[in-house]
Amino acid sequence: MKATETPPAAAATDPAPVSKSKPSAPGGKEKGSEGQVLNVFSHGVLIIWAILVVLPLLWAIMSSFKSDDSILSTPWALPDKLHFDNWSRAWSQAHMSDYFFNTILVVGGSLIGTLLLGSMAAYVLARFDFPGNRFIYYMFIGGMSFPIILALVPLFFVMNNMGLLNTRHGLILVYIAYSLPFTVFFLTSFFRTLPGSVAEAASIDGASHTRTFFQVMLPMAKPGLISVGIFNFLGQWNQYMLPTVLNTDPKYRVLSQGLVELASSQGYKGDWSGLFAGLVMAMLPVLAAYIIFQRQVVAGLTAGAVK
């Protein structure tokens, strides 16, 4: 009889855990409601930010296909007819084709040089211990905080004495030097997150340091290279101060100088449609580069946070 009387006692104790879990329900609802409110607020801020960014871009593209009269009379209306002659006029008469060619040569050469030299320096600083390692690293970091405007006058005389003034290759070298500090800083942190066992296995197989870097470590750093390459591309493509001081020859003007020239000359003539067409031409390569490599940019920025 005693054995049969024990199950009711055990059954009486079973509801206790259920009664303890009930008071936690209101707290869970409050946390869920706070999360929903925060979610709605963050999405609202992102939507407003997207509108502020996208609307001027769409307005510039729309204005590039309108006539001058419609731009001034009905600036927010859609174009009644697509005026492709605005683009042809800006491309040929405003010499945007020459500016594009010069910019592609300068930015392309400087981007390749920046990624090559920056990745080599970052790999050595991240993987090898030698006297002065931290000093060289902090010298690169200090270069990020140095205002470029303070170096314009001595840089002008240095370039002039070396015969590099008003040349494409001279501007390429200046762009590389200007972009190296950030590139080394970014890639040094990225190379530190890569597994060292892969480089050790390559050295055991007889690979030299050069071969290990170019055939093993550099392909592994592809997300970081793409990310820092996009940032450098944006900065070098939109650079105006350096080419204005160091590149005064109209034959070698880059796109930023050409847009200023187009705004100052065409503005007095009232050719606003050609000005908008030239502006959109300058924006399209940057937008295309970011749209194509946006996933790699995000992957490169987040790869360093996970080991």
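Predicted model: local features only at pLDDT ≥ 70, side-chain atom pairs only at ≥ 80, totals over all residues.
## Basis of the model

Local features need pLDDT of at least 70 and side-chain atom pairs count only at pLDDT 80 or more, while totals for chains, interfaces and linings use all residues. Residues are numbered from 1 along each chain as its sequence is written, and side-chain values use heavy atoms, with hydrogens and water left out.

## Helices 6 and 9

Helix 6 (residues 96-127) and helix 9 (residues 168-193) have axes that come within 6 Å and cross at roughly 35°. Helices are DSSP runs (H or I, at least four residues), numbered from the N terminus; axes are lines fitted to C-alpha atoms over the stretch in contact, with angles from 0 to 180 degrees between N-to-C directions.

The crossing of helix 6 with helix 9 is right-handed, that is, the near helix is turned clockwise from the far one by less than a right angle.

## Ile230

Ile230 lies in helix 12 (residues 222-237). Ile230 is buried, because its relative accessibility is 6% (buried means under 20% relative accessible area, exposed over 50%, partly exposed in between, with a 1.4 Å probe and protein chains only).

## Salt bridges

There are two salt bridges, each defined by a side-chain nitrogen of Lys or Arg within 4 Å of a carboxyl oxygen of Asp or Glu. Asp85 pairs with Arg89, the closest N and O atoms being 3.6 Å apart. These residues are four apart in helix 5 (residues 85-92), so about one helical turn separates them.

Arg253 pairs with Glu261, with 3.7 Å between the closest N and O atoms. Arg253 is partly exposed at 21%, and Glu261 is partly exposed at 33%.

Notes: Helix = DSSP H or I, 4+ residues; strand = E, 2+ residues; numbered from the N terminus.
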